[in-house]
Amino acid sequence: MQRVGSGSTTSGSTRPRKEKRLSYVLNDADDTKHCAGVNCLALLQSSTPDCCDYLFTGSRDGTLKRWALTDEGPTFSATFDSHLDWVNDAVLTGSTLVSCSSDTTLKTWNSLSDGACTSTLRQHSDYVNCLATAVKNSNIIASGGLGGEVFIWDIDAAVIPVAKSVEPMEDDYSNENYRQPLASSHCSSTSSNVSVYNTEPHYCYSPVAVEGHKESVYALAMNESGTVLVSGGTEKVIRVWDPRTGSKNMKLRGHTDNIRTLLLDSTGRYCLSGSSDSMIRLWDLGQQRCIHSYAVHTDSVWALASTPNFTHVYSGGRDLSLCLTDLSTRESLVLCTKEHSILQLVLQDETIWVATTDSSVQGWPADGHNLQKDFGKAGSFVAGNLSSTRASASLEGTASAPVHKESSFTIPGSPVIIQHEILNNRRRVLTKDSTGSVKLWEITSGAVIEDYGKVSFDKKKEELFEMVSFPSWFTTDTRLGCLSVHLDYPQCFYAETYAVDFNISEENEDMRINLAQETLRGLLACWLTNKRLRCELQASTKDDGSIGKDVTNRNVFHSRVEFDDRDNIDDTTVLPPFDFSTVSPPSIVTEGSCGVPWRKKITDLDGTEDEKDLPWWCIDCVLNGRLPPRDHIKLGFYLRPCEGSDLPSISQAKSYANRILRINKVINYVIQKIILDKPLESVSYNRRFCLGLSSGLSPLSCNGDGSRRSGSKPWQHLKPSMLEILCNNQVLPLELSLDTVRTFVWRKQDDMVLNYRRKNSR
């Protein structure tokens, strides 16, 4: 019995548009660690002495993490996992954590919760790079991004429902002109319900749009009271706004390259800016001019953090140096030199926390009560007015030595995957991380099956080469620092293989499995189990009408997937090679018919997810076993006797067979055709044959003792061991598939020709 599902599709459905993708993100490392560069930091200081401070880190791996800062050092506290792409910035407004991402969204979180996303705000048309908040007016948030857009949000108004609404029917989503209102999409994502669909949409709230930027915005800053907002980006100018109205007050010029970071003092009069021109500038907004320039760095300045009284500034960037500068005396010193570019800084009492393109975060000494003692040490210098001053000192070898050699605290991260290669068996991926460690991944179970250590990636790839050919049924990337696998319909269903290749014990050696189908069953095993339990609960309570509200509401939606048999939900069997770990589970990234992407660990799927949340083809595959038509798995070829062979020709027409059919099966077919001298029952009228061919001889060919029957033809004593198949005059091993032969031996675009003959006598 084959596990491969049927090739039919839902009746009467036409889907001209590209179907939704399903991706899953793998991570074999400790889930408490980031596995990509840390883009942002946010500090929540305790209001009581007996409680600890918390540091929030946002990473290119798409997650935020919370760390408890104690005297013994930082300890992991929680993971905030909902963004689909890099987390670029994060700020705290009271007890609410707000983050922005390259997935074009802002998300809000209860900063002291277990990591549940409370809402998702969608307004930007491109990556959201930066955020700013007013300390004394904490409900006001500003966001800026690559689209040149700057929005000012009232967080309280944006996340609180203002009107109730029932769920739209399917027709509302199927209408091509329907667009979900961007102004205030609210995505609820809690541990009890992964649904990205909101039953109470916020149609009435729209953020204030600050218009004026023509290019990308990389930096924002706001004063404590929320009366002044500054922004900068690729236009090389600083714009000053009134965030209460969105009106522009002034424009400041002076930098010669992109502005990457901004700071405002508490009053909103003074502004510090760091730029890709390597300069730090101090601006007096009252005078509308630059009053000081500081040549501290030799390359782009990406991060600034000031002391509370705005007298000193910490700075870092692309030159790997963390510097401290006295804004009045212009005296500077290098506190430390990193191995990676510095992306963001945050000051906590006597520690300056540093985020870099590495996955770890370090805390360095920063005596905020007596900064002058650092300047009293050897190595301080006076920052010049021109960037060439600092660059010349670096070239001449007179640059200052760093004050500190080792950090006070380290939050370790996992190595970042920097190189990967899909092996030609289309089941495994070879990766290399930032430490040089090479690992082999099994895509169908999301596990590392071999850790080779620090070896040559290219040599290991050559060692693992197999002469096999499979269709490309998935794609991968490492944008998040870990391995992400993408399944696209219908290409993902193109690959089939024999169950014996996975050591699956079956009596039928011809049993085939579809790799994508079994992988989906493994990924959605928790979902299917929970869905079965909910169906049982629904069946037991339908008489008294006590079904939960979430079940009845979601039934309003008319699914495009028709279930063939509700009993299929009871089949939650997962073949062992496709069993994903529940200890370190992968995260699913996808979207359903409502068009709202989401990310969730497979163990957090509770069975309420339906076609609004998951692609219809995933549900159809897992519940009904339905697959798209699979004509692509057939391969055409010609079977002819070798020149000079005494064997007869069995056919002049083209034959068709599954791409994974092996040469030993072709030999069996040739012998049966020769011996029977007529089409087999397993060969259709158009000469297509399946892969379930018998390997034994027909009883018509021999007597009971195996001797030739009277009147039989000379070649009818043949056995499979007496024949061999050739392609391009090369004898083919019995274990090769037709697809492998076509790829590595035939190597032509036209139909393949296979020749058969007796084995040479030896």
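First, how a cavity is defined: on a 1 Å grid over the protein atoms alone, it is a set of points where a 1.4 Å probe fits but cannot get out, and lining residues have an atom within 4 Å of a point. Grid points are joined across faces, edges and corners, and a volume is the space filled by probe spheres set on the points.

Two sentences on where the values come from. The model is predicted, so local features need pLDDT of at least 70 and side-chain atom pairs count only at pLDDT 80 or more, while totals for chains, interfaces and linings use all residues. Residues are numbered from 1 along each chain as its sequence is written, and side-chain values use heavy atoms, with hydrogens and water left out.

On that definition there are 5 cavities of 30 Å³ or more. The largest cavity has a volume of about 190 Å³. Its lining has 19 residues, and those nearest the centre are Asn27, Asp31, Ser587, Arg599 and Lys601. Strands E1 (22-26), E4 (63-70), E5 (73-81) and E40 (598-601) each give two or more residues to that lining. Helices and strands here are DSSP runs, with helices being H or I of at least four residues and strands being E of at least two, numbered from the N terminus. By type, the lining of the largest cavity divides into 7 nonpolar, 5 polar and 7 charged residues.

Now the overall numbers. The protein has 11 helices and 45 strands. Of its 762 residues, 53% are buried, where buried means under 20% relative accessible area, exposed means over 50%, and partly exposed is in between, with a 1.4 Å probe and protein chains only. Among contacts (heavy atoms within 4.5 Å) with a separation of 6 or more, 59% are between residues 24 or more positions apart.

Next, the cores. A nonpolar core is a set of buried Ala, Val, Leu, Ile, Met, Phe, Trp, Tyr and Cys residues joined through side-chain atoms within 4.5 Å. The largest has 44 residues, and Leu22, Leu487, Phe493, Leu520, Trp527 and Trp617 touch the most other members. At least two residues each come from E1, strand E36 (483-487), and helices H6 (515-523), H7 (525-541) and H9 (616-624). The most come from H9, with 7 residues. Leaving out residues up to four places away in sequence, Leu520 touches Leu22, Leu487, Phe493, Trp617, Cys618, Cys621 and Val622. A second, separate core has 31 residues, including Ile650, Tyr669, Val741 and Trp746.

Tyr489 and Pro490 are joined by a cis peptide bond, with omega about 0°, and Pro490 is in the loop between E36 and E37. Which side chain does that of Asp510 meet in a polar contact? The partner is the side chain of Lys665, at 3.1 Å; a polar contact is a pair of N or O atoms within 3.5 Å, where within protein one must be able to donate a hydrogen and the other to accept it, and residues adjacent in sequence count only if both atoms are side-chain atoms. Asp510 is buried, at 9% relative accessible area. Asn503 is not a glycine but has a positive phi of about 60°, and Asn503 is exposed at 74% relative accessible area.

Terms used:
On a 1 Å grid over the protein atoms alone, a cavity is a set of points where a 1.4 Å probe fits but cannot get out, and a pocket is an open set with protein on both sides within 12 Å along at least five of seven lines; lining residues have an atom within 4 Å of a point. Ala, Val, Leu, Ile, Met, Phe, Trp, Tyr, Cys and Pro count as nonpolar, Asp, Glu, Lys and Arg as charged, and the others, Gly among them, as polar.
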